[in-house]
Each structure stands twice: as structure tokens, then as C-alpha cells.
Amino acid sequence: MAACARADLAGRRGPSQRFGSTPSGPPSAVRAALRDAIGSVWDTVPEADDGFVPHISIAYSNSPGPASPVQAALDGVEAEPATARIDQVELIVLNRDHRMYRWETHTPLSLG
């Protein structure tokens, strides 16, 4: 599966900056298949099914503050779309401790 990232800040939420992933169909299909697999062994699948938007996060803030420095840095970048080949996904154990994300790989899964 290949994904092309481009500067699309429509998904920006506060200080976080997200670049959209196109096409969005392949990542969404992989996520749906993973959710189905998890649902076949667990009573409840973590995280809501709706609202998923494939994206690439390039900045994250763990405390309140202005987004303007990050936005200004992004506004100064002229970049061509990039392509990435994704051949593995990882099921992770996610913790949000001390105002930051930390995770451990639980199970790597090959695609294709």
C-alpha cells in the first residue's frame, strides 16, 4: 500500500498539525479490517469506529499554548508530496502518562 502525504491543514486541531493522507481508502480499509479482527476476540473494540481520518502528525503539543509558531514554520515550507510504502502495522499498548503519549508494540502485523 502506498500513501501520499500533502500539506492539508484542514484537519488541524489546536497546536497539533496534521497532513492528510491520500488516497485515504487503503489506510481506512486496513483499520476496518483490524477493528473487525479485534472485535472477533474482544467484546469491545477500543476507539470509536467513526471519525477516523488517515493523517500524518508532524507536531504535537502536550500543554496549552499558541499554534502560531508551528503554523509559521509550516507556512515557510515548500514541499512536494511524498510517497511511503507501508508493509506493516503494529497493534500497540498506548499510555497517556505525564502529558505525553507512550506506547509499546504488542503485535506487529505484515500487510500483503
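**Salt bridges and an exposed tryptophan**

Asp49 forms a salt bridge with Arg35, with 3.2 Å between the closest N and O atoms. A salt bridge here is a side-chain nitrogen of Lys or Arg within 4 Å of a carboxyl oxygen of Asp or Glu. The pair links distant parts of the chain, 14 residues apart: Asp49 in the loop between helix 1 and strand 3, Arg35 in helix 1. Helices (H or I, at least four residues) and strands (E, at least two) are DSSP runs, numbered from the N terminus. The model is predicted; local features need pLDDT of at least 70, side-chain atom pairs count only at pLDDT 80 or more, and totals for chains, interfaces and linings use all residues. Residues are numbered from 1 along each chain as its sequence is written, and side-chain values use heavy atoms, leaving out hydrogens and water.

Asp49 is exposed, at 53% relative accessible area. Arg35 is buried, at 17%. Buried means under 20% relative accessible area, exposed over 50%, and partly exposed in between (1.4 Å probe, protein chains only).

The salt-bridge count is two. Glu47 and Arg31 also meet through their side chains in a salt bridge (3.1 Å, N to O). Glu47 lies in the loop between helix 1 (25-41) and strand 3 (55-59) and Arg31 in helix 1, so the pair ties together parts 16 residues apart in sequence. Glu47 is exposed at 60% relative accessibility. Arg31 is buried at 12%.

Trp103 belongs to strand 6 (residues 100-110). Its relative accessibility is 53%, so Trp103 counts as exposed. Not counting residues up to four places away in sequence, Trp103 touches Ile92, Val93 and Leu94. Contact means heavy atoms within 4.5 Å. The C-alpha atoms of Trp103 and Val93 are 5.4 Å apart, across 10 residues of chain.
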